[in-house]
Amino acid sequence: IDAAEEITLLVDSSKFSAQAVHRIVAMNQIDRIITDDGISDQDRDMLINDGVDLIVVAAQTGDARGVAA
């Protein structure tokens, strides 16, 4: 992480409401977060206000091969 030019996290929106046991990186080190559209407005606003480039994508149902249920 210390050698990275940018840090991008891919995070399921449910993780924003969970309390972490370990912290790997401080929020001020994160450049970009990609998450699904289940993120709360409060979490979305917090990340944007912290200067994080937030990318929200539509959640998709189905299995790992992308086959809709």
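**A tour: pocket, sheet, loop**

The largest pocket has a volume of about 470 Å³. This is a predicted model, where local features need pLDDT of at least 70, side-chain atom pairs count only at pLDDT 80 or more, and totals for chains, interfaces and linings use all residues. Residues are numbered from 1 along each chain as its sequence is written, and side-chain values use heavy atoms, leaving out hydrogens and water.

**Stop 1: the pocket.** Select Leu 9, Lys 15, Ala 18, Ala 20 and Met 27, the closest to the pocket's centre among its 16 lining residues. A pocket here is an open set of points on a 1 Å grid where a 1.4 Å probe fits, with protein on both sides within 12 Å along at least five of seven lines; lining residues have an atom within 4 Å of a point. The lining divides into 12 nonpolar, 2 polar and 2 charged residues.

**Stop 2: the sheet.** Now show the strands (DSSP runs of E, at least two residues). Three strands form an open sheet in the order E1-E2-E3, with parallel pairing; a pair needs at least two DSSP bridges. E1 (8-10) and E3 (53-57) are at the edges with a single partner strand each, so one side of each lacks a neighbour in the sheet. From one strand to the next, the twist averages 15°. Select E2 (residues 32-36): 5 bridges join E2 to E3. Pick Ile 33, then its bridge partner in E3, Leu 54.

**Stop 3: the loop.** Go to Ser 13, between E1 and E2. Is Ser 13 buried or exposed? Ser 13 is buried, at 14% relative accessible area (buried is under 20%, exposed over 50%, partly exposed in between, with a 1.4 Å probe and protein chains only). Leaving aside residues up to four places away in sequence, Ser 13 touches Thr 35, Asp 36, Gly 38 and Ile 39 (heavy atoms within 4.5 Å).

Conventions: Helix = DSSP H or I, 4+ residues; strand = E, 2+ residues; numbered from the N terminus. Axes fitted to C-alpha atoms, helices over the stretch in contact; angles between N-to-C directions. Points joined across faces, edges and corners; volume = space filled by probe spheres on them. Nonpolar A, V, L, I, M, F, W, Y, C, P; charged D, E, K, R; others polar.
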